[in-house]
Amino acid sequence: MLRNCRQLTVGIVGGGIAGLQAARDLRAAGAAVRVFDKGRAPGGRVATRRDGAWAFDHGAQFFTARDRGFAGQVVEWFRLGVVAEWTGPFRTLQRGVFGDDPRSGQERYCGVPGMSALARSMAGDLEVASDVRIGSAVRDGRGWWLRSEHAPDRGPFDELVLAVPPAQAVGLLPADEALARELAGIALQPCLAAMVRFERMPDALRGGMFVVDDELAWVSHDGGKPGRSGAPTFVLHATPEFSRRHFELATDDLGARLLAALQRSLGAPLPPVASCALHRWRDALPIAGPSAALPCDVGRGLTAVGDFVAGGRIEGAFCSGRDAALALRARHGLAVA
Ligand SMILES: Cc1cc2nc3c(=O)[nH]c(=O)nc-3n(C[C@H](O)[C@H](O)[C@H](O)COP(=O)(O)OP(=O)(O)OC[C@H]3O[C@@H](n4cnc5c(N)ncnc54)[C@H](O)[C@@H]3O)c2cc1C
């Protein structure tokens, strides 16, 4: 706990859902919080890429809400008009045959007008420095300092929250930090994502499709999600195995492979392609289930958060950020907002 009631200072590396939620809760409890993100805008894997008049949710597609606290956040997002229920339809697709929704009975939501609206609304008036890639984090007698190229060190911070995928967190810490060794064993799997615009709507492709194929795992009619234009824009996600094996393949070749996989899965020709872009998510989804405890080093003022802590996905990221903030509040005797 801080002596002499000085305001707790917290540096957060990573402005995805986990980092933003930790920042919101810590600030609400009276801490001075600064978030740093290497992206042009916060959100991380909850992202919307614009391409002229078109937009694609190339990372997270939708989310569900089982946790009560997260469900409360979803209600708030509805009030703000930044989410809608996405009713799909959701089906499986295998060799030309559509099947039932494999996970029926759950409500699925998406950001409106794009997934990135969620992070934008969470960032609100938080102090978020975008376009800042932190290169390393070091601690001295005054606290944590964050280093990035061509900029003075930022800090000192009493507490450092690393809200980046584990492999990236390890790269920021000195090798002898105990937490770095703990995080080094946690891997996320990659995902290659293609953003495709057809010249006209393919006949059968509607909603979200869980593809049963060695190369393609998912295809969605992105332009048909709530609040979109209905344009023939689609997002294709490769399987983890295909993504791992072909991560560095040339963009044109990857686009062609994924479109061929879609045509094979659909069992019918696709309309002509107007454009095809690609995004390589190196750390897309956790492989393992939730961790038993929040990864932290209390003595060093160091905590790691992210979807990998709480079972993956947007909901897990939110819950890990919230739980980390709760732990820090308890440790420093901060009020519960
Ligand atoms: C292809 C794909 C599909 C998905 N589908 C779904 C889905 O349908 N439903 C669902 O619920 N979830 C889905 N997910 C998972 C979901 O997106 C994640 O669980 C969640 O967004 C993770 O949030 P996070 O805050 O833990 O991490 P991230 O979103 O990865 O945030 C980390 C942040 O750290 C920043 N950063 C990293 N290194 C640095 C650095 N050195 N300096 C500064 N900033 C840095 C990054 O820019 C990023 O903004 C999907 C993810 C992918 C990639």
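Arginine 313 belongs to helix α8 (residues 313–332), where helices are DSSP runs of H or I with at least four residues and strands are runs of E with at least two, numbered from the N terminus. Its phi is near 80°, a positive value in a residue other than glycine.

Histidine 150, in the loop between β11 (143–147) and β12, also has a positive phi, near 55°, and is exposed, with a relative accessible area of 80%. Most residues other than glycine have a negative phi, and most peptide bonds are trans.

## Basis of the model

This is a predicted model, in which local features need pLDDT of at least 70 and side-chain atom pairs count only at pLDDT 80 or more, while totals for chains, interfaces and linings use all residues. Residues are numbered from 1 along each chain as its sequence is written, and side-chain values use heavy atoms, with hydrogens and water left out.

## Cis peptide bonds

The peptide bond from valine 112 to proline 113 is cis, with omega near 5°, and proline 113 is placed in the loop between β8 (109–111) and α3 (116–123). Glycine 155 and proline 156 are likewise joined by a cis peptide bond, with omega about -5°; here the proline lies in strand β12 (residues 154–157).

## Aromatic pairs

The structure holds 14 aromatic pairs, counted where ring centres of Phe, Tyr or Trp (its six-membered ring) lie within 6.5 Å, with planes under 30 degrees apart called stacked, over 60 edge-to-face and the rest tilted. The rings of phenylalanine 62 and tryptophan 218 have centres 5.8 Å apart and planes at 55°, so this pair is tilted. The pair links distant parts of the chain, 156 residues apart, with phenylalanine 62 in the loop between β4 (54–56) and α2 (68–80) and tryptophan 218 in strand β16 (residues 216–221); both residues are buried.

Phenylalanine 63 and tryptophan 77 form an edge-to-face pair, 5.7 Å centre to centre with 75° between the planes. Because phenylalanine 63 lies in the loop between β4 and α2 and tryptophan 77 in helix α2, the pair ties together parts that are 14 residues apart in sequence.

Notes:
Buried means under 20% relative accessible area, exposed over 50%, partly exposed in between (1.4 Å probe, protein chains only).
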